[in-house]
Amino acid sequence: MSENCIFCKIANGVIPSKKIYEDEDVIAFNDINPSARIHFLIVPKIHIESLAHCETQHQTLVGKMLLLAPKLAKEQGLAGFKTLINTGVDGGQEVFHIHIHVLGGGNLPKT
Ligand code: 5GP
Ligand code: ZN
């Protein structure tokens, strides 16, 4: 756990969230400020700063996160969805703990 990391705190239950999924590696919860009718985040429990900080050892974990997107989207009743990974300040990342955005159900942002 990285101190002062909001997603580490959520993953460890220190900060509450509207959790939709959890296993030993990953947690998924609703975005606090949704950009679509349904907007959740898939987050690894270990602290990795961004996609640009992933290494070969993280390949299985990142693959697992990605494959959870359609599974959880279906559980949320979505027929289709948009995925987004913001990387770095220049990529629009605001929380520096890697996460996949999953958005759907109407009011989708254009990109
Ligand atoms: P980024 O811009 O880093 O890709 O996205 C960060 C996302 O995390 C934003 O959509 C923001 O609304 C969400 N977020 C930030 N703080 C919290 C929080 O404390 N709880 C939840 N559930 N979402 C958060
Ligand atoms: Zn973290």
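Trainee: What joins strand 1 to strand 2?

Mentor: A hairpin, through three residues. Helices (H or I, at least four residues) and strands (E, at least two) are DSSP runs, numbered from the N terminus. This is a predicted model, in which local features need pLDDT of at least 70, side-chain atom pairs count only at pLDDT 80 or more, and totals for chains, interfaces and linings use all residues. Residues are numbered from 1 along each chain as its sequence is written, chains are lettered from A and ligands numbered from 1 in the order in which they are written, and side-chain values use heavy atoms, with hydrogens and water left out.

Trainee: How do you know that strand 1 and strand 2 pair, and in which sense do they run?

Mentor: Two strands pair if DSSP finds at least two bridges between them. Strand 1 (residues 19–22) and strand 2 (residues 26–30) have three bridges, so they pair, and they run antiparallel. Lys 19 stands opposite Phe 29 there.

Trainee: Why is Glu 24 called exposed?

Mentor: Buried means under 20% relative accessible area, exposed over 50%, partly exposed in between (1.4 Å probe, protein chains only). Glu 24 has 63% relative accessibility, so it counts as exposed. Its place is the loop between strand 1 and strand 2.

Trainee: Which residues does Glu 24 touch, not counting those up to four places away in sequence?

Mentor: Lys 45 and Lys 64. Contact means heavy atoms within 4.5 Å. Cys 54 lies 30 residues from Glu 24 in sequence, and the two C-alpha atoms are 19 Å apart.

Trainee: What makes strand 5 mostly covered?

Mentor: Strand 5 covers residues 100–104, and five of its five residues are buried. Ile 100, Val 102 and Gly 104 point one way, His 101 and Leu 103 the other. In a regular strand the side chains alternate between the two faces of the sheet.

Trainee: Which strands pair with strand 5?

Mentor: Strand 3 (residues 38–44) pairs with strand 5 in the antiparallel sense, over five bridges. Ile 42 has Ile 100 as its bridge partner. Strand 4 (residues 82–84) is joined to strand 5 by three bridges, also antiparallel. There, Lys 82 has Leu 103 as its bridge partner.

Trainee: Now the whole chain. In what order do its elements run?

Mentor: From the N terminus, α-β-β-β-α-β-β. That comes to two helices and five strands.

Trainee: How do you know that the radius of gyration agrees with a compact globule?

Mentor: The radius is taken over C-alpha atoms, and the globule rule is 2.2 Å times the number of residues to the power 0.38. With 111 residues, the rule gives a value near 13 Å; the chain has 13 Å, so the two agree. The C-alpha atoms fill a box of roughly 35 × 30 × 25 Å along the principal axes.

Trainee: What share of the residues counts as buried?

Mentor: Of the 111 residues, 36%. As for contacts between residues at least 6 apart in sequence, 54% join residues at least 24 apart.
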